[in-house]
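Dear colleague,

Please find below the structure that I am handing over to you. My notes on it follow directly after.

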Amino acid sequence: MKLALTIAGSDSGGGAGIQADLKTFSAHGVYGMSVITSITAQNTIGVLGIEDISPDMVYLQMKAIFEDLYPNAVKIGMVSNEDIIKMVAKGLKDYNVKNIVLDPVMISKSGSYLLKPEAVEALKKELIPLSLVVTPNLMEAGELIGKEIKNVSDMKEAAKKILDFGAKTVVVKGGHLTGDALDVFYDGKEFYEITTERIDTKNTHGTGCTFSSAIAANIALGYDLVESIKRAKAYITGAIKHSLAIGHGVGPTNHFWNIEIRKV
Ligand SMILES: Nc1ncnc2c1ncn2[C@@H]1O[C@H](COP(=O)(O)OP(=O)(O)O)[C@@H](O)[C@H]1O
Ligand SMILES: Cc1ncc(COP(=O)(O)O)c(N)n1
């Protein structure tokens, strides 16, 4: 059994954050574990409240996992504030953790801050240099480099700059552009454009979480990074195609779209 860890926030609505990540790991046949950084009271409509976990408790969860259930890959999502970011970076360094996929979560689709704006610099300084791949959406890439991203050429420029912050590779996700769902991957040498059809649905709650945890699951399974990203792109596209019209707002993706469960 391969093991994967998510370090992220809890989404009570089950569509994003820790819940999306654990479902994604399970859908890939990977054993999922979690370090919860923050609890959000959230549904498909919005975020009602956020309560951060203490940095000491974040570290203790990491210690519990790394001293017993060492992960083959790690995904990082919502890290909320500077003190949690520093503690997560310390835990990853103390236990020499590799294969880190960083989704620099900043704002929910419903508009709530999941990262304090003043913590963006700590994210850049502490977590990006530890990452095998960083997966910002257009807004997050723009915040990281201090410039609005409007097209594919801006996405490439952002990928280069984020690589310069110390990431090994970068995927800038173009889910919020018009046209095809085009993501740009940069490995420091070559650019790759990873494209699928755009699916016409409002139910995209948790797409970024699901995509990044699918990359981590595939890395844990032993695929190389480019293959892991390609497989994650196919998985998220299916999960959006079969997304769930549940709740009264932006519904979640369907994490088990490729697993057939028969009624008896
Ligand atoms: N409507 C859509 N149809 C197909 N793919 C999409 C759609 N929306 C987003 N994606 C893809 O889902 C993944 C997550 O992207 P995105 O939604 O931009 O992330 P985030 O949730 O962080 O904003 C990317 O691969 C993106 O291209
Ligand atoms: C706890 C938590 N983490 C992350 C997201 C981002 O969700 P998305 O993947 O839709 O950008 C979220 N809404 N809640």
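A hairpin of 4 residues connects strand S2 to strand S3; helices (H or I, at least four residues) and strands (E, at least two) are DSSP runs, numbered from the N terminus. S2 and S3 (residues 47-52) are paired in the antiparallel sense over 5 bridges, where two strands pair if DSSP finds at least two bridges between them. Within this pairing, Ser38 is opposite Asp52 of S3.

Please note that the model is predicted: local features need pLDDT of at least 70, side-chain atom pairs count only at pLDDT 80 or more, and totals for chains, interfaces and linings use all residues. Residues are numbered from 1 along each chain as its sequence is written, while chains are lettered from A and ligands numbered from 1 in the order in which they are written.

Ligand 2 is surrounded by 18 residues, the closest being Gly9, Ala16, Gly17, Ser108 and Gly208; a residue is near a molecule if its C-beta atom, placed from the backbone, lies within 6 Å of it. Two or more residues of this shell come from each of strand S1 (3-11), strand S2 (31-42) and helix H7 (207-221). By type, the shell around ligand 2 holds 6 nonpolar, 10 polar and 2 charged residues. Here Ala, Val, Leu, Ile, Met, Phe, Trp, Tyr, Cys and Pro count as nonpolar, Asp, Glu, Lys and Arg as charged, and the others, Gly among them, as polar.

Around ligand 1 there are 18 residues, of which Asn137, Gly175, Ala181, Ile199 and Gly208 come nearest. Strand S8 (181-186), H7 and helix H8 (225-241) each contribute at least two residues to the shell around ligand 1, and H8 gives the most, with 4 residues. This shell comprises 5 nonpolar, 9 polar and 4 charged residues.

With kind regards
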